[in-house]
Amino acid sequence: MFYEPSKRNHGLSHDPFKAIIAPRPIGWISSISAQGEINLAPYSFFNGVSSDPPMVMFASEGRKDSITFVEETREFVCNLAVWELREPMNATSGSFPRGTNEMMEAGLIAAPSILVRPPRVESSPCALECKWLQTVLLNDINGEMIDRYVVFGQVVGIHLDEKFIKDGLLDTAAMRPIARAGYHEYFVSTPDTKFSMRRPTGGNK
Ligand SMILES: Cc1cc2nc3c(=O)[nH]c(=O)nc-3n(C[C@H](O)[C@H](O)[C@H](O)COP(=O)(O)O)c2cc1C
């Protein structure tokens, strides 16, 4: 089949777009407002965009609290969402009024960050402390502003739970990170779904 998203002529009960770009890593973003209010929310339009220096992005469909808080204080933390934390991760996606501390609402413990003010999720095995770089306000192909934003940050500090480091390598699958697909679907990375492949040019690890 072929369809044009602007015409929504896929004939399906649900838009398949997010089921195509999947599984997507989840940036579970903690941020703090100028008044010191703490926010935590998952963003699956999230990824790394550079490894050296390490940089990440997340995209917001509308101006949500995370982007507002990040722009107010220019810092954020990306916590790794893992299988054991799937329920609290989901709980933090609820629509709460500005100023609600979703970390507390979801029963999570906040651990202090080292180089930025927003706290990290203590029980998450990895957290990326980030300094805001820029927000790109997207225009569509007609040049219309569409209330879609991409936030870029540079990673200045990284927390790792050392129990997941084996022979000097971080064991991603052992952490069981979860990833978003379409509809209500998620994936979980596990050791049995992992495979290795070397680049033809012998790229680095
Ligand atoms: C797994 C998951 C991934 C999500 N990814 C995004 C995303 O990439 N962009 C977005 O705008 N909203 C996304 N959402 C919805 C936000 O988490 C939700 O709107 C939340 O209330 C935003 O919180 P905030 O206003 O505190 O930033 C996602 C929700 C879930 C459960």
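This is a predicted model: local features need pLDDT of at least 70, side-chain atom pairs count only at pLDDT 80 or more; totals for chains, interfaces and linings use all residues.
**Entry 1: a cut-off to start with**

I call a residue buried under 20% relative accessible area, exposed over 50%, and partly exposed in between. With that cut-off I looked up R117, which is exposed because its relative accessible area is 52%.

**Entry 2: salt bridges**

I counted 9 salt bridges. R117 takes part in one of them, with E75 as partner, and the closest N and O atoms are 3.2 Å apart. This pair links distant parts of the chain: E75 belongs to strand β6, R117 to the loop between β7 (110–111) and β8 (120–121), and 42 residues separate them. E75 has a relative accessible area of 6%, so I noted it as buried, while R117 at 52% is exposed.

Next I looked up E37, which forms a salt bridge with R98 at 3.5 Å between the closest N and O atoms. E37 sits in the loop between β2 and β3, and R98 in the loop between α3 and α4 (102–105), so the pair ties together parts that are 61 residues apart in sequence. E37 is partly exposed at 23% relative accessibility. R98 is also partly exposed, with 38%.

I then took R63 and E71, whose side chains meet in a salt bridge with 2.7 Å from N to O. R63 counts as partly exposed because its relative accessibility is 41%. For E71 I noted 26%, so E71 is partly exposed too.

How many bridges pair β2 with β3? I found 6 bridges, with strand β2 (residues 27–32) and β3 in the antiparallel sense. I32 has its bridge partner in β3, namely I38. The hairpin has 5 residues between the strands, and G36 takes a positive phi near 90° there. Strand β3 (residues 38–43) is mostly covered, with 5 of its 6 residues buried.

**Entry 3: the largest pocket**

I wanted to know which element gives the most to the lining of the largest pocket. It is β3, with 4 residues. The space in this pocket is about 1,100 Å³. I found 39 residues in the lining, and those nearest the centre are K18, S44, F45, E61 and K64. At least two lining residues come from each of α1 (17–20), β3, β5 (54–61), α2 (65–73) and α3 (86–91).

I traced an open sheet of 3 strands, in the order β1-β13-β14, with antiparallel pairing. β1 and β14 (186–188) are at the edges with a single partner strand each, so one side of each has no neighbour in the sheet. Strand β13 (residues 178–180) runs antiparallel to β14, and 3 bridges join them. A179 has F187 in β14 as its bridge partner.

A reminder to myself: most residues other than glycine have a negative phi, and most peptide bonds are trans. With that in mind I listed the exceptions I came across.

- The peptide bond from A22 to P23 is cis, with omega near -5°, and P23 lies in the loop between α1 and β1 (24–25).
- The bond from D52 to P53 is cis as well, with omega near 0°; I located P53 in the loop between β4 (46–51) and β5.
- R74 is not a glycine, yet has a positive phi of about 65°; R74 is in the loop between α2 and β6 (75–80).
- D147 has a positive phi near 55° and lies in strand β10. Its relative accessible area is 37%, so D147 is partly exposed.

**Entry 4: a contact and a patch**

Where does Q154 lie? I found Q154 in strand β10 (residues 145–160). Q154 is partly exposed because its relative accessible area is 26%.

Last, I looked up the nonpolar surface patch of about 320 Å² that I158, L160, I165 and L170 make. I165 belongs to strand β11 (residues 165–166), and at 35% relative accessibility I165 counts as partly exposed.

Technical notes: Residues are numbered from 1 along each chain as its sequence is written. Side-chain values use heavy atoms; hydrogens and water are left out. Buried means under 20% relative accessible area, exposed over 50%, partly exposed in between (1.4 Å probe, protein chains only). Two strands pair if DSSP finds at least two bridges between them. Patches are made of residues with over 30% relative accessible area and no salt bridge: like charges are joined within 9 Å, nonpolar side chains (Val, Leu, Ile, Met, Phe, Trp, Tyr) within 5 Å. Accessible areas come from the Shrake-Rupley method with a 1.4 Å probe; for residues, only the protein chains shown count as cover. A salt bridge is a side-chain nitrogen of Lys or Arg within 4 Å of a carboxyl oxygen of Asp or Glu. On a 1 Å grid over the protein atoms alone, a cavity is a set of points where a 1.4 Å probe fits but cannot get out, and a pocket is an open set with protein on both sides within 12 Å along at least five of seven lines; lining residues have an atom within 4 Å of a point. Grid points are joined across faces, edges and corners, and a volume is the space filled by probe spheres set on the points.
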